[in-house]
Amino acid sequence: MTASTIRPAVADGRLPGRVWMYSNYHCNLACTYCLTESGPKAQRRELDPEAMIDIARQALELGFTDLGVTGGEIFLLSRMPEVLAELARSLPVVALTNGTLFSRRLLDEVQQLAELPVALQISLDRPDPDTNDAMRGPDNFAKVVAAIPRLVERGVTVRIATTVESIEDAELDRLCELHRGLGVPDADHVIRPIIARGRAVDHDLGVQADVPDLPAELTITADGAFWSPFGPTVHGGRLDTDLLITRTTRPLSVPAQALLGLVEQRPAGADSTLNIR
Amino acid sequence: MLLAASEAPLLARPHYAGGDPGPIVAALAQVPELLVVATPFLGAALGPSAIDWRTKEIVIVRTSALAGCRYCVQSHTVVALDAGLTKAEVSVLRGEAAAENCFSAPRERVLLHWIDAVAGGAGPIDATVRAALRRHWVDHEVVELTAVIGVTLMLNRFATALELPVATQTLDRLAAEGLA
């Protein structure tokens, strides 16, 4: 019943095809614009790996086309390389990472992803260490530019995500030169605005965004299902519920059907022009 | 525990469109998929229906008193007065006076016995109480009245367990009526 409604909705573009999962909320960094107030001491809010794999299978059965995994820093979870590999047996995966934990051992473990439809999306905001690290933490730039070519040479697909309030053309040109030099083509570089949620609010950063501004991508967390991966944010240590869809996450048909219902209530043309992805 | 309008999940937002939705909705908003099915159900069970307003409030206040639910007793005391019950009748329903003093209609007296048996006891209901009820109420009324008792008991425990706050204007009205 639900697959018969979700699949055509995804196929004709009424519902985005990607299902996101927040694997965890803790992180080795504490970026100034972090939506989820992630950091070393953040509440972990982990999704069980078996649950993630089950969600991927259900997503495939319902007619979704892609998966996204984000956090927190996903590679703080020791099983993440194998989990990503297992997820990719259901659907193509984009996995967001800060790119700072790629030791030789982790590089060896992610090697298995080279043969699978998995892309690692690594955050790199500026072409210079000082300006990049000001918002992301010490040595972030150096670790990222060291990790990317090592991943690329192992055949792992790497995307670059640049999250900024604004960036001058000349600085962006240098950033693009940098990622091309690291082996990441322009097609795999996304630039997106800071959203004024989570820690960004405390630093007076970002643009305001509500339902019309955010992609209706079903996002599963340990706390429930949300509208878009920009939904399950944390501020003041408290989970934001304004973009909560359902607390039920499995069967996935429950939040998927609720999301579709909300999407179909939107007036035509209500989508924002904010480049949020 | 209670979500403010700024925290209202997407499915709950319509319930906040007219202002404060009250503590039951503000609590259920924590689980939006429950809220969206609970509110129509609660509305159908406790709102206007084939059972008249006065009778429903008799059931709700009496049941809530038996369950010891401060929130529901106080909230529905005001509703019961608005539905036309007298202060004396409400006092009886709240267990503060004997029924013989107020409820003279046989139909209402057997209903009170039914409420006391269903909400105030455990296990099977005395057959004579059921038979008495059915002499005065037709089958669909018996079913609906019993459903209202059950729904009220559910809300009684929900409100009591979560310590839902009674609205200030309700407390003011109760004080003014001498029913605080």
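**Exercise 1.** Which residues form a nonpolar patch on the surface, and with about how much accessible area together?

*Solution.* Keep in mind that this is a predicted model. Start with the members: L34(B), V36(B) and V37(B) make up the patch. Now zoom in on V37(B), which sits in helix α3 (residues 32-46) of chain B. Its relative accessibility is 52%, and exposed means over 50%, so V37(B) counts as exposed.

**Exercise 2.** Work out how chain B and chain A meet.

*Solution.* First, the contacts: 12 residues of chain B touch 14 residues of chain A. Next, the area: the two chains bury about 1100 Å² between them, with 50% of it on carbon and sulfur atoms. On the chain B side, L10(B), L11(B) and E33(B) lose the most area to chain A, together 47% of what that side buries. Last, the charges: there are two salt bridges between the chains. D210(A) pairs with R13(B), their closest N and O atoms being 3.4 Å apart. E7(B) pairs with R238(A) at 3.0 Å.

**Exercise 3.** Is E7(B) buried or exposed?

*Solution.* Take its relative accessibility, 18%. Buried means under 20%, so E7(B) counts as buried.

**Exercise 4.** Find out which parts of chain A the salt bridge between E86(A) and R57(A) ties together.

*Solution.* The closest N and O atoms of this pair are 3.5 Å apart. E86(A) lies in helix α3 (residues 80-88) and R57(A) in helix α2 (residues 49-62), so the bridge links parts 29 residues apart in sequence. E86(A) also forms a salt bridge with R89(A).

Definitions and conventions
Residues are numbered from 1 along each chain as its sequence is written. Chains are lettered from A and ligands numbered from 1 in the order in which they are written. This is a predicted model: local features need pLDDT of at least 70, side-chain atom pairs count only at pLDDT 80 or more; totals for chains, interfaces and linings use all residues. Side-chain values use heavy atoms; hydrogens and water are left out. Patches are made of residues with over 30% relative accessible area and no salt bridge: like charges are joined within 9 Å, nonpolar side chains (Val, Leu, Ile, Met, Phe, Trp, Tyr) within 5 Å. Accessible areas come from the Shrake-Rupley method with a 1.4 Å probe; for residues, only the protein chains shown count as cover. A salt bridge is a side-chain nitrogen of Lys or Arg within 4 Å of a carboxyl oxygen of Asp or Glu. Helices (H or I, at least four residues) and strands (E, at least two) are DSSP runs, numbered from the N terminus. Buried means under 20% relative accessible area, exposed over 50%, partly exposed in between (1.4 Å probe, protein chains only). Contact means heavy atoms within 4.5 Å. Buried area is the accessible area (1.4 Å probe) that two parts lose on being put together, summed over both.
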